[in-house]
Structure formats: structure tokens, C-alpha cells
Amino acid sequence: MLAMQHYNSSGLAAPHLLPNQTWGVERVPAMAWTANITTERPMSPPMSPPSNPTAAGLSMTLGILSNIVALVILAKAYARLRRRSKATFLLFASSLVATDFAGHVIPGALVLRLYSAGAATGPLSRAATDAPCQFLGGSMVFFGLCPLFLGCAMAAERCLGVTQPLLHASLVTTARTKMALALIWLLALFVALLPFFRLGAYTYQYPWTWCFIRVLGETQETDVAFVMLFSGLGLASLTVALVCNTISGVTLVLARMRKKCKTCYRRSAKSHDIEMVAQLVGIMITSCICWSPLLIFGLMSVTRSYSGSIGSDQDTYRKLMVMGVRLASWNQILDPWVYILLRRAVLRKIYRITKSRASFKNSTFRHWDISSFQNSEKINTVNRI
């Protein structure tokens with residue numbers, strides 16, 4: 001669809017003049033190119049077109065339906081369960097799914113708009129710092145950091161609840177949970193607004209149908225600092241979530257092995273903890289798979305671009321960034337399925353099916369062992385006769 005290279009005001013060069021051309025004729029087009037205002041598209045090597053908008057629309061529809069189903073399940077669970085620890089977790093989880101829903105709809109609608117406009121307007125007719133690009137880039141940063149921050153906060157809350165239940169009961173309240181949610185959203189918003197204060201910049205990215213932090217081209221110190229801040233916060237959140245979920249999982253396994261749960265209430269509480277930790281592990285794995293490539297590729301691209309050592313690998317890093325953002329977009333589709341599939345009822349059914357199959361195999365093996373032993377005894381008796 002877009003068979004041209006991308007030019008912007010940060011890294012443009014006037015076209016080379018032929019020997020028989022004069023500045024009086026070619027001066028205006030050259031200035032128009034530099035100002036990112038063109039009336040004629042230059043000839044350049046063709047680049048691969050963007051993906052089909054139909055596939056983007058289908059993935060967007062799937063994400064919307066998944067988030068709605070997960071929100072309904074979480075709302076029913078919140079209305080049915082009024083235990084403090086579970087209510088706090090459900091409040092975090094509902095906020096995460098609602099954020100994923102908004103992050104799937106708002107940037108997705110803008111990307112689809114760019115898809116539809118891409119056939120009529122090439123990248124050179126768009127300003128590198130126009131309002132839609134700035135809004136889309138800020139939305140991607142905001143809705144990218146929010147799930148990572150929320151997953152980290154949920155993992156820390158569950159780690160405290162599993163390892164120090166009394167301290168958790170005295171510290172964690174609904175009011176403090178809502179305050180933590182507000183602080184998380186404000187922190188993500190603050191980071192997303194930094195390019196408006198000259199720290200970093202949002203530019204169109206290959207294949208020019210989405211906007212993100214400038215990681216290639218004429219990168220500056222502020223671009224490197226902004227990418228390091230964004231990627232550092234994301235990777236730190238994933239690391240903290242990994243540590244907290246590991247501690248929670250090990251604590252629950254040790255408690256199960258020591259058989260500390262004797263009463264029915266304690267068993268119910270322990271099953272709730274297992275359900276929540278299982279969901280957190282699912283969220284952590286999904287976030288690591290979906291977001292780690294974009295965070296790492298962004299750091300690699302901006303450092304090599306700023307140092308000037310990227311050379312002919314620029315197209316490779318462009319494609320890596322596209323692959324990273326596509327994986328990151330699937331995080332908002334897969335997160336709701338963690339709550340849909342890793343519920344206690346579903347986990348119980350999986351456990352029963354696994355247990356029944358294991359018992360069936362054991363009974364079959366025992367029957368085969370006994371029958372084979374009896375047959376061998378009969379053969380020995382016949383041989384003796």
C-alpha cells in the first residue's frame with residue numbers, strides 16, 4: 001500500500017540536483033521536502049505494505065469481546081465474594097481489564113483510521129508531529145505502562161497477603177487500593193506526556209500506520225533517555241512481578257506440603273489464594289511474552305541509532321519494532337482470557353479430569369499387572385503337571 005520511504009522533519013535531506021538544474025527552478029521543491037510538505041512523491045525503493053486492515057479489525061473485535069466477557073465475570077465474582085483480600089484483588093483485576101479494554105479500543109481505532117487513510121495519503125503528506133500521531137504515541141505509552149504497573153502491584157499485594165496475612169489485613173483497604181490505582185494511572189500519564197515537555201518525541205513508525213517513541217533516524221539524547229525510562233520501568237515491573245509471584249507460589253506449595261489447612265474455612269481461603277496466584281502467573285507470563293520484545297527492541301534500536309552504528313541494519317530494526325508492537329497488542333487480547341480460563345471452577349474441572357485420567361491409568365496398570373501375574377501362575381501350574 002505504501003511504496004515509499006518515510007521522511008520527517010527530524011531527518012530530511014534535500015534532493016540532489018542534476019548538473020543542468022538551477023537553484024531557481026529546484027529551490028521551492030527542496031524547501032517543501034525539508035518542511036515535510038510535498039506536492040509530489042519522490043521515487044524511492046519500494047517497501048513492504050502494511051498488513052490487511054481486515055485482520056486488524058478482526059483482532060480488535062476479538063479483543064473487545066474478550067475484555068467484555070472478562071469484565072462480566074469479574075463483576076459477578078466481586079458481587080458474590082465480599083472477603084477483603086479477594087475484593088482487593090478483584091478491584092485490581094477489574095481495573096486491569098478495563099484499562100486493557102480502553103487501550104485496545106482507543107489506539108486500535110486510530111490505527112484503523114491510519115490504515116484506511118494510507119492508500120490515499122502517503123507518509124510524506126503527514127507531519128511528523130501532527131496531533132493524531134502525538135495522541136496515538138502517548139496512548140500507546142500510557143496503555144502500555146498501565147498493565148505492567150497494575151500486574152506488578154497485584155503481584156506485590158498477593159505476595160503480602162500470602163506471606164503476611166495479618167499485616168495485609170491491617171494495611172490493605174479498599175480506599176488505599178483505589179488510591180494506589182489512581183497513582184498508577186497518574187504515573188503512566190506523566191511518562192506519556194514527557195515528549196510534550198521536550199523529553200523524547202513521537203513519530204510515525206514503519207510501515208507508517210502507527211506512532212511511537214522515536215527510536216530510529218535522527219535520535220538525540222532526550223530520545224535515548226525517554227526510551228530508557230519507558231523500557232526500564234516496563235522491565236522493572238516485570239521483574240518485580242516475577243519475584244513476588246515466585247515467593248507467593250513457593251509459600252503456597254510449602255503450606256500445602258506441611259498440611260497447615262485443617263479447617264474448611266482455611267481450605268476455602270487457601271483455594272482463593274491458589275486461584276489468584278495462578279491468575280497472576282498467567283498475567284505475568286503473558287506480559288513477559290508480549291511486552292519484553294518491544295521493550296528490548298526499543299532499547300537496542302535507539303542505542304544503535306544514536307551511536308551511529310546501525311548502518312544498513314535500519315530496515316531490520318524497523319521490522320523488529322513492528323513485530324514487537326504486534327506482540328504487545330496481543331497482550332490486551334490474552335489478558336482477559338487469563339481470568340476466563342484460570343477461574344477456580346475451571347481449575348477444579350481440569351484437576352478432576354487430570355485426576356480421573358491418572359486413576360484410570362493406574363487402575364488399568366494394576367488390572368494388567370494382576371491379570372498377567374495370574375496368567376503366569378496358570379502357565380507354571382500347567383508346566384508342572
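The model is predicted: local features need pLDDT of at least 70, side-chain atom pairs count only at pLDDT 80 or more, and totals for chains, interfaces and linings use all residues. Residues are numbered from 1 along each chain as its sequence is written, and side-chain values use heavy atoms, without hydrogens and water.

**Exercise 1.** State what span H9 reaches from its first C-alpha to its last.

*Solution.* 
- Helices (H or I, at least four residues) and strands (E, at least two) are DSSP runs, numbered from the N terminus.
- H9 covers residues 314-341, which is 28 residues.

**Exercise 2.** Describe how H4 and H6 cross, and which classes of residue make up their contact.

*Solution.* 
- The axes of H4 (residues 131-163) and H6 (residues 174-192) come within 8 Å and cross at roughly 145°. Axes are lines fitted to C-alpha atoms over the stretch in contact, with angles from 0 to 180 degrees between N-to-C directions.
- Contact means heavy atoms within 4.5 Å; residues meeting across this pair include Phe142 and Phe149 in H4 and Trp185 and Leu189 in H6.
- The contact has 15 nonpolar, 1 polar and no charged residues, with Gly counted as polar.

**Exercise 3.** Locate the disulfide and give its handedness.

*Solution.* 
- A disulfide is a pair of cysteine sulfur atoms within 2.5 Å; the whole structure has 1.
- Cys133 and Cys211 form it, with sulfur atoms 2.3 Å apart.
- The angle about the S-S bond is -125°, and the link is left-handed.
- Cys133 lies in H4 and Cys211 in strand E2 (residues 210-213), 78 residues apart.

**Exercise 4.** Identify the residues joined by a cis peptide bond.

*Solution.* 
- Tyr206 and Pro207 are joined by it, with omega about 5°.
- Pro207 is in the loop between strand E1 (202-205) and E2.

Definitions and conventions. Expected span 1.5 Å × (residues − 1).
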